[in-house]
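Could you show me how to read the helices, strands and packing of a protein model? I would like the general idea each time, and then the case at hand.

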Amino acid sequence: MHNDLLPSLGATINHTIKLRKHIVSPYDPRYRLWEKFLIVLVLYSAWICPFEFAFRRYLPSTIFLVDNIINSFFAIDIVLTFFVAFVDHKSYLLVDEPKRIAVRYLSTWFIFDACSTFPFQTISFFFNGHSKSLGFKLLSVLRLWRLHHVNSLFARLEKDIRFNYFWTRCTKLFSVTLFAVHCSGCFNYMIADRYPDPERTWIGAVIPNFMEHNLWVRYVTAIYWSITTLTTTGYGDLHAENTREMVFGICYMLFNLGLTSYLIGNMTNLVVHGTSHTKNFRDTIQAASEFASRNKLPKHMEEQMLSHICLRFKTEGLKQQETLDGLPKAIRSSIAEYLFFPIVQKVYLFQGFSFNLIFQLVTEMQAEYYPPKEDVILQNEAPAYLYIIVSGAVVHGRLTAGEIFGEIGVLCNMSQPFTIRTTELTQILRLNRTTLFNIIRQSRQDATIVMSNLFQVFN
């Protein structure tokens, strides 16, 4: 989550957070369940609010009863917010002082929440005996402010690793489009419904006496007009018939310019993000091929280059090294011990070493992948690393998993006597020569054991 609680320096994150009496934690599962319940009510409000705005005179009285019940739930939420702790974004500490909670809420969203919950429809009955007043209709539209709950929900879902980011983003874009289509269709119908001459309206010109038709038919017609305008496919049988409708059409099409740009921009980012890795891979392969051709490299060298690039991009997709590098050293050491300690412990060169010394060696090793037929060490190459095979095999007496090579050059401080080439996809642990000497230099006995093991094998 984007606003998760962070501990202060020196504080433990595992201790139970004790809040003052009657103060609710924003991370309490019961409060989270209440927020999810409100999201359902917000979705209903987002649909019914424009619908009532346009078709109010035709709706049954039960709709108004449901609206008042939903308003009561949001009124409860307003009261509850005065008792919900919040995270101070400067200190990242949970604030549970009732006075600070109240001041913060009153100075931010309280006015908007109160206006969106006030029962304007009920008040209109007391003043006019009905709910058809345009002024009260406009005030009822303030309920759309509740949509900020949905925006906060999507902000959390986009950061929640349990949900696919691509589909979460697509769902949000689709919801925005659907809501824009619904609102514009309802508002355009209201213009036609209140026009003095119903025959000279966009819907009246096609459906005479449209007010007498089924509510569902009129709503679908309004949505049809909205979609054809949004997608710029042309009006066909539905178009503006008077100045009011022309003005609204102009405003709606200008709005569509911004909405379309927003949708295309977001979808482009999603697609580009998904294909950029492949494009970089193809560009690198092409550059390597051109390099080999331009410099007239032998065919086997070109194949080695391309194989290495292909394998590198495959392993980059796993993001193994990036994942490890982003972790604290203690966690990296624990992972390295779990994955590689059994292999390193069996290497002949380290027989007789203590557990602590092998642990130090393992934590300094880096795992790498090599494609088939790639040279790992060249003959007469300066010694820089020694290598341990985790899986796969290399050509030099057919070394397989659990065996070591490059140790002669490193320990004897001489050029590498052999060329080592992989025969299949091989995973290898690499240890820097300087790091090895720094570790075994701590104990003269360990240095003696290393050289003794080396001589026993090659004598």
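What follows is a tutorial dialogue on this structure.

Q: What kind of model is this, and how are residues numbered?
A: This is a predicted model, in which local features need pLDDT of at least 70, side-chain atom pairs count only at pLDDT 80 or more, and totals for chains, interfaces and linings use all residues. Residues are numbered from 1 along each chain as its sequence is written, and side-chain values use heavy atoms, with hydrogens and water left out.

Q: How many helices and strands does the protein have?
A: Helices (H or I, at least four residues) and strands (E, at least two) are DSSP runs, numbered from the N terminus. Here there are 17 helices and 10 strands.

Q: Which strands form the open sheet, and in what order?
A: Two strands pair if DSSP finds at least two bridges between them. In this case 4 strands form an open sheet, ordered β3-β10-β5-β8, with antiparallel pairing. β3 (366-370) and β8 (404-405) are at the edges with a single partner strand each, so one side of each has no neighbour in the sheet. Strands β5 (residues 385-391) and β10 (residues 426-432) are joined by 6 bridges in the antiparallel sense. Leu386 stands opposite Leu431 in β10.

Q: Which helices lie on the sheet?
A: For angles, axes are lines fitted to C-alpha atoms, for helices over the stretch in contact, and angles run from 0 to 180 degrees between N-to-C directions. Helix α13 (residues 329-345) lies across β3, β5 and β10, at about 105° to β5. Helix α16 (residues 433-440) also packs on the sheet, where α16 touches β5 and β10 and makes about 60° with the direction of β10.

Q: How do I read the packing of two helices?
A: Two packed helices are described by the angle between their axes and the distance between the axes. Angles under 35 degrees count as roughly parallel, over 145 as roughly antiparallel, 65 to 115 as roughly perpendicular and the rest as oblique. Take α13 and helix α14 (residues 355-363): their axes come within 9 Å and cross at roughly 115°. That makes α13 roughly perpendicular to α14. A contact means heavy atoms within 4.5 Å. Among the residues that make this one are Phe340, Phe341 and Val344 of α13 and Ile358, Phe359 and Val362 of α14.

Q: What is the class make-up of that contact?
A: Ala, Val, Leu, Ile, Met, Phe, Trp, Tyr, Cys and Pro count as nonpolar, Asp, Glu, Lys and Arg as charged, and the others, Gly among them, as polar. The contact of α13 with α14 has 8 nonpolar, 3 polar and 1 charged residues.

Q: At what angle do α7 and α8 cross?
A: The axes of helix α7 (residues 148-159) and helix α8 (residues 165-193) cross at roughly 165° and come within 9 Å. That makes α7 roughly antiparallel to α8. Asn151, Phe154, Leu157 and Glu158 in α7 meet residues of α8 including Tyr165, Arg169 and Lys172. By class, this contact of α7 with α8 has 3 nonpolar, 4 polar and 3 charged residues.

Q: Is Ser25 buried or exposed?
A: Buried means under 20% relative accessible area, exposed over 50%, and partly exposed in between (1.4 Å probe, protein chains only). Ser25 has 19% relative accessibility, so Ser25 counts as buried. Ser25 lies in the segment before α1 (29-55). Leaving aside neighbours within four places in sequence, Ser25 is in contact with Leu19, Tyr31 and Leu94. In contrast, Tyr338 is exposed at 70%, and Tyr338 sits in helix α13.
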